[in-house]
Amino acid sequence: MWPFKYHRHSYVEVNREFLSSRAWIPYRRPGGSLRSDSMGLSVAPYQTYRIPLHAPYSTGAELAYVQEALQAGQWASGPFVQRLERLLAEKTGFIDAVTVSSGTDALTLALMLSGVRPGTEVVVPALTFAATANAVCQAGAWPVIIDVEDRFWQMDQAKLTSFLQRGRWQRRERKLVNPDTKRVISAVLSVDLMGHLANEGNLGYFAERYHLPYIEDRAESLGSKHISPFLGLSSRAACWSFNGNKVVASPGGGAIGAKAAFLEQVRVLRDQGKDPRDQGGHQLVGGNYRMSNVAAGIALGQLEALDDILERKRKVAERYATVFTGVDGVEPMGCAPWCQPNWWLYTVLVPKGMMQAALSAFADKGIEVRRMFRPLNQLKAFAACPAYSIEVAPIIYERALSLPSGAGLKPEEQEEVADVLKKALNT
């Protein structure tokens with residue numbers, strides 16, 4: 001019952017001044033373009049692009065499933081939800097999976113059911129979409145921001161270890177306390193940035209050493225695989241997103257993979273706290289976190305074609321690697337030898353000081369690109385959150401640019417993208 005009572009109050013109080021100031025309304029130039037330094041976008045977010053960043057790849061099955069759901073009158077709930085959950089578990093190696101209304105809700109529920117309590121802290125990486133930290137806040141906790149490493153841009157294992165070692169261990173309560181804030185550290189939440197896995201398994205190992213639940217934000221990495229014999233310790237829960245720009249896309253939805261007992265609690269909370277043993281009974285305060293049958297049908301059609309989608313994206317990544325070989329100043333995101341990424345967004349580093357020139361060049365050609373997520377510690381929403389040794393993330397943010405990477409991207413489109421970037425950089 002506690003989470004829902006707490007975060008509704010804290011959410012309003014924390015954001016009251018910001019919301020009333022109207023500072024959240026995006027500034028637009030007269031031509032309708034969005035100021036590039038506000039969100040890192042080169043053009044207006046609702047513009048139609050000749051070459052989009054990551055258009056959903058339709059297999060044809062999605063339309064058939066949607067028509068079936070609509071004709072059967074099974075819009076809100078229905079069989080596609082269960083079919084999607086079974087196939088997702090099969091594809092990801094989990095015994096079971098549960099769908100929810102979004103990837104953010106998946107993270108929030110996973111955190112709350114892992115023991116994250118209001119006023120505690122959850123460790124997150126500096127480079128991630130704001131939804132990761134938003135989920136922590138929705139659970140009533142504080143994000144604690146840790147830097148990323150400079151090879152694959154994932155949470156820095158050494159800095160995480162250093163932070164946890166500084167904590168004061170309370171043996172009787174079996175709790176780790178942040179000596180700077182006096183708050184209990186309640187979980188570690190990793191992120192598979194750009195589809196590359198967070199690490200070889202060591203983050204979970206160090207979290208376990210301090211009796212902290214380890215939760216994975218896999219919103220960007222569905223289909224990515226470990227190819228190392230050492231996988232580390234298993235996480236408490238893994239969370240995915242089916243947002244429209246993901247590898248498996250839908251109008252909305254997310255999912256959690258975990259052990260059966262954990263997921264039974266998720267099912268209760270996602271369905272208004274209904275007690276499965278008591279028809280019409282509600283023993284918990286829950287919410288409506290359900291994924292609709294229509295959205296699940298679309299995601300199911302995508303997930304059935306996951307192997308084909310991943311193969312197409314691998315070829316996109318290979319073509320980019322070829323065209324940028326030997327191009328001065330363009331450095332592709334690194335790939336660890338133990339990781340087989342899904343290449344969600346192919347991202348490169350451009351020379352320092354050349355980001356605005358690249359953004360403008362792509363905007364002129366109607367090509368959608370995107371800057372790296374701004375480090376969490378630089379966002380006003382999380383300015384009050386503790387941040388430790390954030391040195392690498394700002395450097396990556398200043399130079400990282402994601403290029404069109406959809407499974408349906410054509411070779412000639414990739415060549416145009418590469419040519420535009422080369423001319424913008426005068427190479």
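Predicted model: local features only at pLDDT ≥ 70, side-chain atom pairs only at ≥ 80, totals over all residues.
Student: How many aromatic pairs does a search of the whole structure find?
Tutor: Pairs are sorted by their planes: under 30 degrees apart is stacked, over 60 is edge-to-face and the rest are tilted. Searching the whole structure gives a total of eight.

Student: Are the rings of Tyr320 and Phe324 stacked or edge-to-face?
Tutor: Their centres are 5.9 Å apart. The planes meet at 10°, so this pair is stacked.

Student: Which parts of the chain does the pair of Tyr320 and Tyr346 link?
Tutor: This pair is stacked too, at 4.9 Å centre to centre with 25° between the planes. Helices (H or I, at least four residues) and strands (E, at least two) are DSSP runs, numbered from the N terminus. The two tyrosines are 26 residues apart, and the pair links distant parts of the chain: helix H11 (residues 306–323) and the loop between strand E12 (339–340) and strand E13 (347–349).

Student: Are Tyr320 and Tyr346 buried or exposed?
Tutor: Buried means under 20% relative accessible area, exposed over 50%, and partly exposed in between (1.4 Å probe, protein chains only). Both tyrosines count as buried.

Student: Which ring does the charged end of Arg371 sit over?
Tutor: A charge sits over a ring if NZ of Lys or CZ of Arg is within 6 Å of the ring centre and within 35 degrees of the ring normal. Arg83 does this with Tyr65, 5.3 Å from the ring centre. For Arg371 the distance is 4.3 Å, and the ring belongs to Tyr397.

Student: Why do the buried residues of helix H8 lie on the same side?
Tutor: In helix H8 (residues 202–209), the buried ones are Leu203, Gly204, Phe206 and Ala207. They share a side of H8 because the arc they cover around the axis, taken from the directions to the C-beta atoms, is only 165°.

Student: What do those buried residues of H8 pack against?
Tutor: Packing here rests on contact, meaning heavy atoms within 4.5 Å. The partners are helix H7 (157–166), strand E6 (184–191) and strand E7 (214–217).

Student: Where is His211, and what is its relative accessible area?
Tutor: His211 lies in the loop between H8 and E7. Its phi is positive, about 60°, although His211 is not a glycine. His211 is partly exposed, and its relative accessible area is 43%.

Student: Which side chain is joined to that of Thr347 by a polar contact of 2.8 Å?
Tutor: Thr347 lies in strand E13 and is buried, with a relative accessible area of 2%. A polar contact is a pair of N or O atoms within 3.5 Å; within protein, one must be able to donate a hydrogen and the other to accept it, and residues adjacent in sequence count only if both atoms are side-chain atoms. The partner is Ser402.

Methods:
Residues numbered from 1 in each chain as written. Heavy atoms only, no water. Phe/Tyr/Trp six-rings, centres within 6.5 Å; stacked < 30°, edge-to-face > 60°.
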